[in-house]
Amino acid sequence: MTASNYRPISLISVCCKTMEKLIRDALIKHMIDNGFLIDCQHGFVKGRSCTTELLEVVDKLCALLDNGDTVDMVYLDFAKAFDSVLHRRLLFKLQQYGITGPLFDWIKSFLLSRMQRVGVGGAMSSRAEVLSGVLQGSVLGPILFICYVNDMPDSIAAFIYMYADNTKLFTSSTDRTVLQRDLDVLGEWSRSWQLRYNVDKCKVMQVGRPVEREAYVMQDINGISYPLQAVELEKDLSVWTDSKLTFSDHAEHAVSKANQILGLIGRTFTYLDIPLLEQLYTTMVRPHLEYSNTVWHPHFRKNIDLLESVQHRATRIMPYEERLKLMDLPTLSYRRLRGDAIETYKFVHDKYSNWVTSLPVADNISTMATRGHTFKLKKRDCRTSVRQNFFSYRIVNFWNSLPDSVVSAPSVNCFKHRFDTHCINLKFSST
């Protein structure tokens, strides 16, 4: 047990959180409307998520692999990122982004002159002034953090993507000098703004065909260089990513976690009727099997069967398809297909923010010129199985086969209803 592993969480009143929401909305609107917020940042911004970040990363990786490249990808980890933001430097950056007047004064008052103390077993320490850190547990804290790191990618030549403090940069293995130069630039940025990288947790993974590895190094806040650990598997935003982009390891981890919870349910409840079993399964078990499945959608039969085995185990009362119909539980294969279609609908109908990159490209051919609907997708050129099985390629044929009444739905919820009605024969089929 190490004291440094424990970090303060602020308990904030409802009134204060309501005020923070107003400030947050004004701050993020200012950053987006004026073009200050970097495109590669997906954290804590409306219309972006872990899934959108992973989709863009894997799509770019698939494109590089399809061109015959091998990719060197570096995963960076900040040490106590949210607790290390220096207040004075954060305020300086906010002023550079044009945040002044009453809004700036409110944020300054929100950050400065805070005191904290520690209580253990009824004994309290003396009070100490808080000089750094955005409040964990607050509404405004995450937005202040992404403002603090917003200029970090400015001088980066490689591809870089961020979700708050989670950072990845990668490029073709033929551009190794570019990637190492970018690591040196990030090390210099870290020293300038006193946001330390945990070099022991920074890793490099080679994606694609194995070639001779480059020994990349990362400088810590003191300017000392450390070699980066080479890995074949890395947990990225809770998705286990391997060097071949098969995501088989993630499927195994998801099934293991889901089976653990199923076992816990079985030990906890002595009697389960169908409505209670359905509620427990859909709220506690199935989310582990579906988190970001648009990204890691399995295409190997062994992984598809492995995932479906959890639902088999959870509903082991009667023949599988009959019990699914009785409990109104679609197969997981259908749920993944439905998830792909919903994600495509959001991209095609601009349900995401305008500055979110669209992966599927609308063909915009009118129904007068071709059969089908007006939202057909172009199929990209493809030479590798990795790209062929990725979201933006595998969904094209199925999406183009949907009727216009489904793809032209006026809202996401309406699309879900029409999709389920149209695909009723697929909903419970295990084939």
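**View 1. Contact between helices H7 and H10.** In this predicted model, Ser 248, Ala 251, Glu 252, Val 255, Ala 258, Asn 259, Leu 262 and Gly 263 of H7 meet Lys 302, Asn 303, Leu 306, Leu 307, Val 310, Arg 313 and Ala 314 of H10. Sorted by class, the contact of H7 with H10 comprises 8 nonpolar, 4 polar and 3 charged residues. H7 and helix H10 (residues 301-314) pack at an angle of about 10°, and their axes lie 10 Å apart. Because of this angle, H7 is roughly parallel to H10.

**View 2. Contact between helices H7 and H8.** Helix H7 (residues 248-268) packs with helix H8 (residues 274-290) at an angle of about 160°, the axes being 7 Å apart. Angles over 145 degrees count as roughly antiparallel, and H7 is therefore roughly antiparallel to H8. The two helices, H7 and H8, have a right-handed crossing. On the H7 side the contact is made by Ala 254, Val 255, Lys 257, Ala 258, Ile 261, Leu 262 and Ile 265, and on the H8 side by Leu 280, Met 284, Val 285, His 288 and Leu 289. The residues of the contact of H7 with H8 comprise 10 nonpolar, 1 polar and 1 charged.

**View 3. The largest nonpolar core.** In soluble globular proteins, nonpolar side chains tend to be buried together. The largest nonpolar core of this model has 67 residues, of which Phe 170, Val 285, Leu 289, Trp 399, Phe 415 and Phe 419 touch the most other members. Helix H2 (residues 50-66) gives the most to this core, contributing 9 residues. Apart from this core lies another, of 53 residues, which includes Ile 38, Ile 107, Leu 144 and Cys 147.

**View 4. Surroundings of Leu 289.** Leu 289 belongs to the largest nonpolar core and also takes part in the contact of H8 with H7. When its neighbours within four places in sequence are left aside, Leu 289 is in contact with Ala 254, Val 255, Ala 258, Tyr 281, Trp 296, Leu 307, Val 310 and Leu 332.

**View 5. Lys 60 in helix H2.** Lys 60 is found in helix H2 and, at 28% relative accessibility, counts as partly exposed. Residues up to four places away in sequence not being counted, Lys 60 touches Phe 159, Tyr 161 and Phe 170. Lys 60 and Phe 159 are 99 residues apart along the chain, while their C-alpha atoms are separated by 8.8 Å.

**View 6. Arg 88 in helix H3.** Arg 88 is found in helix H3 (residues 87-96). This residue, Arg 88, counts as exposed because its relative accessibility is 59%, the cut-off for exposed being over 50%. Leaving aside neighbours within four places in sequence, Arg 88 is in contact with Lys 108 and Leu 112. The C-alpha atoms of Arg 88 and Val 185 are separated by 23 Å, the two residues being 97 residues apart along the chain.

View 7. Phe 44, a residue other than glycine, has a positive phi, near 60°. Its place is in the loop between helix H1 (14-33) and H2, and Phe 44 is partly exposed, with a relative accessible area of 37%. Ser 113 likewise has a positive phi, near 60°, in a residue other than glycine. Ser 113 lies in the loop between helix H4 (101-111) and strand S2 (115-116), and Ser 113 is exposed, with a relative accessible area of 64%.

Methods
Residues are numbered from 1 along each chain as its sequence is written. This is a predicted model: local features need pLDDT of at least 70, side-chain atom pairs count only at pLDDT 80 or more; totals for chains, interfaces and linings use all residues. Side-chain values use heavy atoms; hydrogens and water are left out. Axes are lines fitted to C-alpha atoms, for helices over the stretch in contact, and angles run from 0 to 180 degrees between N-to-C directions. Helices (H or I, at least four residues) and strands (E, at least two) are DSSP runs, numbered from the N terminus. Angles under 35 degrees count as roughly parallel, over 145 as roughly antiparallel, 65 to 115 as roughly perpendicular and the rest as oblique. A crossing is left-handed if the near helix is turned anticlockwise from the far one by less than a right angle, and right-handed if clockwise. Contact means heavy atoms within 4.5 Å. Ala, Val, Leu, Ile, Met, Phe, Trp, Tyr, Cys and Pro count as nonpolar, Asp, Glu, Lys and Arg as charged, and the others, Gly among them, as polar. A nonpolar core is a set of buried Ala, Val, Leu, Ile, Met, Phe, Trp, Tyr and Cys residues joined through side-chain atoms within 4.5 Å. Buried means under 20% relative accessible area, exposed over 50%, partly exposed in between (1.4 Å probe, protein chains only).
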